[in-house]
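Please look over the sequence and the structure first.

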Amino acid sequence: MTPQRYYLTEVDKIEDSIYCFHDAMGENDIQLHQHKKAQLLYTEGGVVHISVADKTYFLPARHYMWIPPEVPHSIHASSPEIMMRNLYFPIKNQGIDFFQQIGIYAVNDLLLQLLLFSNRWHGDILTSSKEDYIIAEAIRAILPQISTMNLPLALPFSNNQRLEKVLAFMASNLHNPIAFPELCERFGFSQRSLARLFHAELGMTFIQYYTILRILKSLQLLLEEKLPVSEVAISVGYSSIPTFSNTFCNLIGCRPSEYLKMQANILK
């Protein structure tokens, strides 16, 4: 078995096991695949995007992603050296909504310590391995209780060619503030028609999409480029650092400086 393909061959081999895999990705892109088990994905050391159906999710440091069973997804990382921590669970609590929806959640100190404890595991954790199985099952059981805020760190795709050009322009020009009326004029839309197109194609308003796009880019600059907060704010079009910090906090749950401190603590 090659490490790069364990997710295709080993995860579901034993139906009622909890499967554990902790290692460097070994590749930048993990192809589209799915599991009969649900997946808890936690990464360290870089930027990771997960593509699911018509959305791309951004998984920042000190957060994990929950992927329900049978959900096709692919994983794209900034480096093959990024450490992936994966736990795959057979789902028995079908009545609990948490386990049936994709989500990105902050990792608190308790969950972080449990994930670090799971370093000793590899492969299938069987019910016969009583102590390890009980601990692994406890990780799954506490997730709905400690994961109360599903972060909206995803951007939808559009199949509309005119809108795709608008979105590509926005992504390439985040360093300058983008005003909606000017965007409409540049691409030949009335404000009403472009607003309707955002809602129909993306399920969100222009400002919602633009805000998430800017914060996702800022996370990438903080983690991958390691730019100072003030420079990141300017790079994504904020002239006011407090405004950037407040917007970042509204989406991520903490201010950029606090986020960087948490990231530094993880790497110690």
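What share of the 268 residues of the protein counts as buried? The share is 49%. The model is predicted, and its secondary structure consists of 10 helices and 11 strands.

**Overall form**
- A compact globule with 268 residues would have a radius of gyration near 18 Å, and the 20 Å of the protein is therefore in agreement.
- The C-alpha trace spans about 65 × 40 × 35 Å along the principal axes of the protein.
- Among contacts with a separation of 6 or more, 73% come from residues 24 or more positions apart.

**Strand 8 and its partners**
- Strand 8 covers residues 83-89 and is mostly covered, with six of its seven residues buried.
- Strand 1, made of residues 18-24, pairs with strand 8 in the antiparallel sense over six bridges.
- Within strand 8, L87 is the residue that stands opposite C20.
- Strand 3, made of residues 38-44, also pairs with strand 8 in the antiparallel sense, over seven bridges.
- Y88 in strand 8 is the bridge partner of Q39.
- In a regular strand, side chains alternate between the two faces of the sheet.

Technical notes
Residues are numbered from 1 along each chain as its sequence is written. This is a predicted model: local features need pLDDT of at least 70, side-chain atom pairs count only at pLDDT 80 or more; totals for chains, interfaces and linings use all residues. Side-chain values use heavy atoms; hydrogens and water are left out. Helices (H or I, at least four residues) and strands (E, at least two) are DSSP runs, numbered from the N terminus. The radius of gyration is taken over C-alpha atoms; the globule rule is 2.2 Å times the number of residues to the power 0.38. Buried means under 20% relative accessible area, exposed over 50%, partly exposed in between (1.4 Å probe, protein chains only). Contact means heavy atoms within 4.5 Å. Two strands pair if DSSP finds at least two bridges between them.
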